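Dear colleague,

My notes on it follow.

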Amino acid sequence: MELGEIIGNSLTVSSALNLEALEGPLYTLFKEFRLDEDVQRFDRFVSNQVLGKGLMNAFGNTLAITQKSFIQKFKKDYLLTPNTYVKLKLINTSIQRLETSRFGSLTELALDAGFYDQSHFIRNFKKFCGCSPKQYRSPSLG
């Protein structure tokens, strides 16, 4: 039985998913899934770098394929561009700092997270989170 059929049957029989029935097919699906080696190298590269301007060019110089080919491979595996992936990592870093109060001003947070300035940070934060950093930190303000 396909994963979609199991989910469909679970939802038609009851309002809750039967997670035990999903476990086997999900394990099989993810066991067979392998990320491309270049995509894995990019993930390691991004994790070990200060994120910011010029990151893709720096990584592109290490590739044996064109940047366009790499971007196509990356989109196939992650369903988003490498640039969007990096922005999501920057937003994740800033969210962690917002939640732990490890920053002085919003400008300091933006620059430390790897954004060009506070405006760039707020614009991207709103795009991915649906609210400003200030609203995220104090939902009652929203």
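Is Asp77 buried or exposed? Asp77 is buried, because its relative accessible area is 16%, where buried means under 20%, exposed over 50% and partly exposed in between (1.4 Å probe, protein chains only). Please note that this is a predicted model, in which local features need pLDDT of at least 70 and side-chain atom pairs count only at pLDDT 80 or more, while totals for chains, interfaces and linings use all residues. Residues are numbered from 1 along each chain as its sequence is written, and side-chain values use heavy atoms, with hydrogens and water left out.

Asp77 belongs to helix 5; helices are DSSP runs of H or I with at least four residues, numbered from the N terminus. Between Asp77 and Asp36 the C-alpha to C-alpha distance is 7.7 Å, although they are 41 residues apart in sequence.

The loop between helix 5 (67–78) and helix 6 (82–100) contains Leu79. Leu79 is exposed, with a relative accessible area of 74%. Its phi is positive, about 65 degrees, although Leu79 is not a glycine. Most residues other than glycine have a negative phi.

Helix 6 has 19 residues and reaches 27 Å from its first C-alpha to its last, close to the expected 27 Å, which is 1.5 Å times one less than its number of residues. Its buried residues include Tyr85, Leu90, Ile91 and Leu98. The elements against which the buried residues of helix 6 pack include helix 3 (37–47) and helix 8 (118–129), contact meaning heavy atoms within 4.5 Å. Ser101 follows helix 6 and has a positive phi, near 55 degrees.

With kind regards

Conventions:
Helices (H or I, at least four residues) and strands (E, at least two) are DSSP runs, numbered from the N terminus.
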